[in-house]
Amino acid sequence: MTKTEFIKELHRIGAIKFGSFVLKSGITSPFYLNLRLIVSHPQLLKSISSLITQSLPLNISYDHLVGVPYAGIPIASCLAVDINKPLLIPRKEEKAYGSKDAIIGEFAAGEKCLIIEDIITSGESILETADNLKNHGLKIAGAFVVIDRRADQDNFESRNGFPLFALFNIEEVVSVLFEDSLISKAQKEEINEFLKSSAIPASNEDTLQFSNTLTEKLSTLMGSKQTRLVLSLDVEDSNTFFDILEKTGNEIALLKTHIDILKDFEPSFITRLQEMSQKYNFLIFEDRKFADIGNTVRHQYQGGVYNISDWAEFVTVHMIAGEHILNGLFDNIQNRSSFLLAKMSAKNNLISENYTRKVLEIGKKYSSVVSGFIGHGANAEEIAKLKKKIPKGFLLLMPGVQIDSKGDSLGQTYLSPESAIKGGADAIIVGRGITHSSNPLEAAKRYREASLI
Ligand code: 5BU
């Protein structure tokens with residue numbers, strides 16, 4: 001079977017479809033690819049393997065083929081038989097991640113892998129698989145995909161440290177189907193337009209586009225004020241609150257509140273808070289962690305005793321109730337933004353890898369009201385892994401940071417500011433490390449300095 005015939009076969013079995021499809025990322029695409037269907041067509045599976053065999057790069061060597069679960073596995077398996085290379089299969093289940101049997105098959109540290117995947121869209125699955133293999137001492141020789149449908153097809157190797165090969169890119173698929181009149185001219189143009197509009201122009205690569213103006217404002221402030229410190233001022237009385245804030249206001253870019261902790265709250269508190277934010281030039285972030293249905297959170301956010309939307313530029317949001325919570329919070333107001341909880345610092349919390357991935361996807365979709373994510377990790381490497389997945393233009397703020405403690409008796413876990421920043425956190429959130437210090441100003445200076453390394 002030729003490449004052209006193969007593409008037409010994919011179309012015939014419904015593995016390539018045209019219409020209007022909402023992707024995982026939230027974007028609406030005029031085409032949809034589902035190569036998983038080929039497992040029901042053994043002849044096609046055979047053809048895929050033979051086409052890949054003919055296109056395998058000759059200039060790289062590898063000891064194993066690795067199928068990315070699940071769609072890459074049948075393809076890699078056929079190929080392994082055809083070219084007589086041993087196969088490795090990483091498990092998809094999270095609990096196996098990092099454990100000894102997380103990869104099925106025999107291997108030794110230092111051996112090289114060629115990763116096989118059906119389709120690359122963002123590269124996330126391939127990079128996750130590569131990380132998993134590297135964590136087991138394996139090396140990555142490259143990755144081979146059947147269809148490259150990325151809008152931006154440049155620089156994979158320089159960004160990720162190994163080359164990417166593809167049997168087809170999406171333009172080739174479209175032109176074959178057009179020439180065979182399987183799609184119309186209008187459809188072809190719509191697809192090309194879609195690909196053009198979702199590609200990041202090369203000239204923009206280095207100029208970071210922030211998710212929204214508040215994200216940019218905070219990021220610019222961190223730069224101009226030279227601090228990546230967020231103070232979490234969790235105290236119960238307003239005198240202590242303002243006393244600490246007077247001392248530390250110059251050291252911080254963002255002040256995080258839990259307004260409902262205060263025992264003596266009254267509306268004048270907000271007036272004073274806003275004066276301080278002007279005087280010391282910091283933004284305000286109420287860590288309310290909204291988590292209910294859209295209608296309820298709108299009332300909680302834009303009403304009640306605290307009227308949070310009146311005075312806090314940012315709030316935190318749990319995504320457990322789904323994306324419409326963001327419509328409830330922000331659809332009827334302007335110039336407010338949020339941080340979504342992607343990973344928590346609390347011991348044994350229930351957030352899974354899959355949940356985190358979905359939170360990041362929703363954040364990307366709602367960029368006008370999402371400035372970034374709250375994340376945590378057991379060490380700099382874990383944070384780096386999370387950071388890598390965070391879309392460009394969004395910030396990663398990290399709580400659970402303390403220099404002199406590893407945790408508290410109620411499940412909080414701490415990491416050092418150095419590890420947080422080394423892992424790629426854009427800012428550190430520090431509470432008791434400063435508020436419980438006998439000298440909050442000195443403590444704040446210390447954390448600020450550590451946030452700048
Ligand atoms: P600490 O005193 O530095 O432990 O305070 C940390 C603050 O950050 C506190 O206000 C928490 O509510 C907040 N926090 C956190 O510690 N861990 C998380 O995962 C999230 C928020 Br989300």
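1. Tyr70 lies in a loop of this predicted model. The loop runs between strand β3, which spans residues 64-67, and helix α3, which spans residues 72-83. The peptide bond that joins Pro69 and Tyr70 is cis, with an omega of about -10°. For the reader new to such terms, most peptide bonds are trans.

2. Ser181 is placed between helix α6 (170-179) and helix α7 (185-198). The phi of Ser181 is near 60°, a positive value although the residue is not glycine. Most residues other than glycine have a negative phi.

3. The chain is divided into two parts: domain 1 covers residues 3-200, and domain 2 covers residues 206-450. Between the C-alpha centres of domain 1 and domain 2 the distance is 37 Å.

4. Which residues are closest to the ligand? They are Asp234, Lys256, Ser345, Tyr414 and Arg432, and the ligand is surrounded by 16 residues. Sorted by class, this shell contains six nonpolar, five polar and five charged residues.

5. Individual side chains may be examined next. Asp234 has a polar side-chain atom 2.6 Å from an oxygen atom of the ligand. For Lys256, the distance from a polar side-chain atom to a ligand oxygen is 2.7 Å. His258 likewise places a polar side-chain atom 2.9 Å from an oxygen atom of the ligand. Of the 490 Å² of accessible area that the ligand has on its own, the protein covers 90%.

6. One point remains on the site itself. The ligand takes up the space of the second largest pocket.

Technical notes:
Residues numbered from 1 in each chain as written. Predicted model: local features only at pLDDT ≥ 70, side-chain atom pairs only at ≥ 80, totals over all residues. Heavy atoms only, no water. Near = heavy atom within 4 Å. Polar contact = N/O pair within 3.5 Å; in protein donor to acceptor, adjacent residues only side chain to side chain. Areas by Shrake-Rupley, 256 points an atom, 1.4 Å probe, with all protein chains shown as cover. 1 Å grid on protein atoms, 1.4 Å probe; cavity = no way out; pocket = protein on both sides within 12 Å on 5 of 7 lines; lining within 4 Å. Sits in = over half its atoms within 2 Å of the grid points. Nonpolar A, V, L, I, M, F, W, Y, C, P; charged D, E, K, R; others polar. Domains from an automatic or database assignment. Helix = DSSP H or I, 4+ residues; strand = E, 2+ residues; numbered from the N terminus.
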